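Hello,

Here is the structure I promised to pass on to you. Please open it first, and then read my notes below alongside it.

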Amino acid sequence: MFREPKKNATNSNEQQNKEEPEKLPIPASKREFLDVLKEKVHSPADLVIKNISATVTIVYLDFLIDGKILNEQILPILEKEQSAPPKTIKEKLPIAEIDLSAELNKSVLEMLIGAVLIHSEGHSELVIAKISSYQSRGLSAPENESQVIGSQVGFNENLATNISLIRRYITNPNLCNEKFTLGKDTMTSLSVLYIDGIASEQHVNTIRQRIEDLDISDLLDSAVLSELIDDNSFSMFPQLLLTERPDRFCDGLLSGKVGIVVNGSSMAILCPYTFIEFFQSREDQNLRWQIATFIRLLRFMAMIISIFFTPIYVAALTFHYEVIPQPLLVPLSESRAIVPFPPIIEALVLELIIELLREAGARLPTKVGQTIGIVGGIVLGTAAVEAGITSNILIIIIALCALASFTTPNYLMGNVIRILRFPIIILAGFWGFFGVMLAFCFLIIHLLRQSSLGAPYMAPIYPPRWKDWPDSFIRMPLPFISRQSVNSRAQSNNQETNENLAKEEKVIR
Amino acid sequence: MKSTLQIGNDEKFNASLFFFVIAAAQVGVGIHGFQRVVVKDAGHDAWISVILAALFSHIVVFFMIKTLELYPSNDLYGIHLDIFGKFIGSIVNIIYVLYCTFAFYSVIKNYIEVINTWVFPDLSQSFITTVLLILVIYAFTGGLRVMLGVCFFSFMTGLWILIVVYMPLKYAHYNHLLPLFGHDITSIFKGAYSMTFTIVGFEVINTLYPYAKEKNKVQKYVHLALLCTLFIYLSVILVSLVYFSEAQLERTLWATLTLFTVIKLPFIERIEIIIICFWTIIILPNLCLFAWSAYRGVKRFKNVKGTTFIWLFSILMFIANIPMQSRTQIDDINNFFAQIAFVIVFLYPILLYIMASLKNVLRKGGRKNEKG
C-alpha cells in the first residue's frame, strides 16, 4: 500500500506531470514554430512575439513575466548575440532559472507559468528563461484566525511567498518540499511539506498516494483539496486543518504533521488533525500555562453549552417540568405564558434567526454588517419578546449558545457545532432528555469512528495516550509537554539515528 | 491448533484499556435496584454480601485469566473446541452465545422498563428498542476499537453520578447498619448469590483477552476494575442502607433511583430523570460487548461479516422484545438469567480451568513420551 517515497522529487522544482502529454518536436523554422505555437495557445491577446533579429525570436505572455529583467538582462544580450545556437544563448544569459527544451507542450506550459521562450532559426530547441513575476497582495494579518499575542502575519495566495514564509520560520535542511500538479484544466501546483525524521513516513505516503490518485479537472482552493483527500467525506466534522497562520502551520510541521500548500489559496492544510486540536489555538502556547489551561477548558465548556443547552431547555420545558426547581420555574413559566408556540418551534425559529444574522453578517461589507447586528440583535430580539412570539429567557439561552459557538478557534469546527444543534433540538422536542442522550451517544460513536489520515480522531483521549494529555484540553507548563504527539510521531524507536541517517542520505545526494 | 485466532498487532489494545472496559461492562441496569434482592436475604448486612460477591468475582476472574493464559492467542470458544473436541465444544459454544444473547436481551428489557416507569410511561417499547439497536449497530460496525471507545467514554462521562450518590447522606441514619453480623452466614451468602445479576459483565474478558497487547498486565487491570466497581456497589448499598429502612428497601424496586429523588440542587430537582436518560450511555457498552462476544462465537460456526451479524442479531432482538411486556415477566427473565449467569460465570470457569490445565499436563506428558 505504501510506496517508497520518491527521493528525486524532494527539494526540486521540477514540474511533475502525472500523465505526460504527447511529445511534440519543436519546428526548426521560425515561421512554422510560431504557427504551431499560436495554434497551441489559440493566439491570445496577451501573447507577445518579438523579433530580435532575423533569426532570434522571443515569445512570452504579457503580465506574467518580469519586464524589468527582460529589458535589462535578456534583451541587451540577445541583441549582441545575433543568430547564436540555443546552447550559447543559455550560457550567456545571466538568469538562474534557465533551461533548454526540445519539446513543445512542456515549453508552452512553462510559458503559461511565466517564462520567456527564445527560438533560434534552424535549431529545434528552445531556451526557456523563467522570469515569472507574480501579482500578489502583500502579507497582511490573518483575518479569520486573529490572536492577541504572537506573530501577525498570514499566508497570501502565492505559493512561492508562502513557502518562503515557512522556510523563514523553519531553517532546517530536513524540511522537505514535494511538488505536485493537480487539475487537468487549471494545472494548479501544490507543495507537500514535512520535516523528514519528525513526520511519520506512513502519513507522508498516504498523502502522496491520495493526491496522486485524484483525478480532477480543476482545483481552485485548498479547502476543496482537503475535502477530496480526507478520510470520511460523509462526516460533518473537519478532519484536516485549514489555517492561514504560518506560525500555526510551522508548529504543526514541527510536531510531526504533514502540510499542504496550494497555489492560489491563502489557506494551508495540516494533517493528521484531531478533534481536540481543533479547539486549540497557537496563542495558547504564548500565554502563561494557567491562563492557557483556563481558556482551553472554557472553550470545551463553551462547546458543550453551545451544543446541548438549547436542547436541554427544550426538553425540560416540553417534558420534564419536574426537573426545574420551583423558584426557577416561576420566571420561566411567566416568560412563556403568552408564547403561543411549543418550545421546539420557538427554539428552532430563534436558532434560524441567529443563523440568518450570522450569514448576513458574513456576506455583507463590514460597515453594513454592524447595522445588521444592531437591527437583528437588538430590534428583532426586543420586538420578538414584546410581541409575545418568544420568551426572553430563550433569547438569553440562544444568544449564549451562539456566543459560545463563536469561541471555537476554528471556523469550520464552529460551523459544525452550530449546525449540530438543529437535529438535537428536534430530538429533544420529540423525546426529551432521552432524545438528547441519543444524540449524545450518537455523537460520541460518530467521533470515535472518525480518523484523520488513518490516525484516530479522538486521540489523545481515546485511545488514551496519557503522555499527550498535558497538551490536550489543558496546557501544562512547556517542559512537561512532549513536542510530538504520539498521533503524528515517526514510527521509529531510535529517532535520533534515523535523523542522522536521513541527513547523511541527503548530503550524499 | 487450527482454531487459533489470527490477530494483527494493529488490532490489539493496550492492557490499561481493560480497566475501563471491565468497569463499564459490569455497571449496567442491575445497579438501579439490586438493593431489594440483596436485602431480602441479608438484611442490613447486605453490604457484607456485596463484598463477598466481589471477592468471588475476583477469584473467578483469576481462574478465567489463568485459563486464557494457557492459550495465549485464543478465546473461550477456541478453548472449548480444543478441550471438548469439535462436537461437544460446539454445543458449549452455542450455550455461551445464547448466554450473551440473553444478557443483551435482559439489559435492554430492564432499561426499557425503567424508562417507561420513570420518564415516559407512554413511549413505545419497540421505539426504545429500535433506537438502542441503531446505536449498537452504529458502534458495532465501527469495529472493536469503536466499541472499546464507547466503554471508555461511558466510564469517563459517567463518573459524575458517583458524586450524586453521596448527596442523600445528610439524611442518613447510621444506626441502620447495626448490629453488625445481625444475620447468619447463610443469609449473607444468599445475598451474595443475589448479586449475580448485578455483578456479571466481567466475563467479556473471555473473548477480549486475545486482543490485549501486553498479556501479562491484563490481570492487574481487570482486578483493578473489579475493585473500582466494588467501590461503586459498596457506596450505593451503604448509602441506601443508611437512608432507607430495611422494610422500605424490600419494597422498593429501584432503590438507587428512589435515592436520587431526594436530591435538590439549586438549578435541578428530580435529578433521577436526567440520570435515567443518561444511563443510555452506561448500558451501551454492555450491549456492544455482549453482542460482540456473541459474534465471536457465531464466527466459529460460520464466517459471517460483522455487519451482517449485527443486523440479523438486531432484528432477532427486536422480534424477541415484542412478547415480553409486563413487569412480572421481566422479573422472571432476570431471575432466570441470574441463575444461568451464576452457573456460567461463577462455577463453570473454575471447572474449565481444571480441565484445561489437566489437558495441558496430558499434552506435555504426551510430547515428552514422543520425544523419549
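**What I found**

Over residues 337-356 of chain A, the chain is 70% helix and 0% strand, with its end C-alpha atoms 27 Å apart. Helices here are DSSP runs of H or I with at least four residues, strands are runs of E with at least two, and both are numbered from the N terminus. Residues 368-387 of chain A are 95% helix and 0% strand, and the end C-alpha atoms of that span lie 26 Å apart. Both spans carry the annotation "transmembrane region" in an unreviewed UniProt entry, which also lists 297-317, 393-412 and 424-448 of chain A. UniProt positions are given in the numbering used here, feature names are shortened, and annotations may be inferred rather than shown by experiment.

Before going on, please note that this is a predicted model, in which local features need pLDDT of at least 70, side-chain atom pairs count only at pLDDT 80 or more, and totals for chains, interfaces and linings use all residues. Residues are numbered from 1 along each chain as its sequence is written, while chains are lettered from A and ligands numbered from 1 in the order in which they are written.

**How confident is the model?**

The average pLDDT of chain A (the predictor's confidence in each residue, from 0 to 100) is 84, and 91% of the residues score at least 70. Confidence in chain A is highest in β9(A), at 94, and lowest in helix α15 (residues 495-508), at a mean of 43. Over residues 492-509 of chain A the pLDDT is below 50, and residues 1-19 of chain A stay under 50 as well. Where pLDDT is low, the predicted coordinates should not be read in detail.

**Two sheets in chain A**

One open sheet of chain A has five strands in the order β1-β2-β4-β5-β3, with antiparallel pairing; strands pair if DSSP finds at least two bridges between them. Its edges are β1 (47-51) and β3 (98-101) of chain A, each with a single partner strand, so one side of each has no neighbour in the sheet. From one strand to the next the twist averages 20°. Five antiparallel bridges join β1(A) to β2 (residues 56-61) of chain A, and A:Ile49 has A:Val59 as its bridge partner in β2(A).

The other open sheet, also with five strands and antiparallel pairing, runs β6-β7-β9-β10-β8 in chain A. Here β6 (175-182) and β8 (241-243) of chain A are at the edges; each has a single partner strand, so one side of each is left without a neighbour in the sheet. Its twist averages 25° from one strand to the next. Three bridges pair β8(A) with β10 (residues 268-271) of chain A in the antiparallel sense, and A:Leu242 stands opposite A:Ile269 in β10(A).

**Where chains A and B meet**

How many residues of chain B are in contact with chain A? There are 28, and they touch 21 residues of chain A, where contact means that C-beta atoms, placed from the backbone, lie within 7 Å. On the chain B side, α5 (125-141), α6 (144-158) and α14 (271-301) each give two or more residues, and α14(B) has the largest share, with seven. That side divides into 20 nonpolar residues (Ala, Val, Leu, Ile, Met, Phe, Trp, Tyr, Cys and Pro), three charged (Asp, Glu, Lys and Arg) and five polar (the others, Gly among them).

Enjoy exploring!

Key: Axes fitted to C-alpha atoms, helices over the stretch in contact; angles between N-to-C directions. Contact = placed C-beta atoms within 7 Å.
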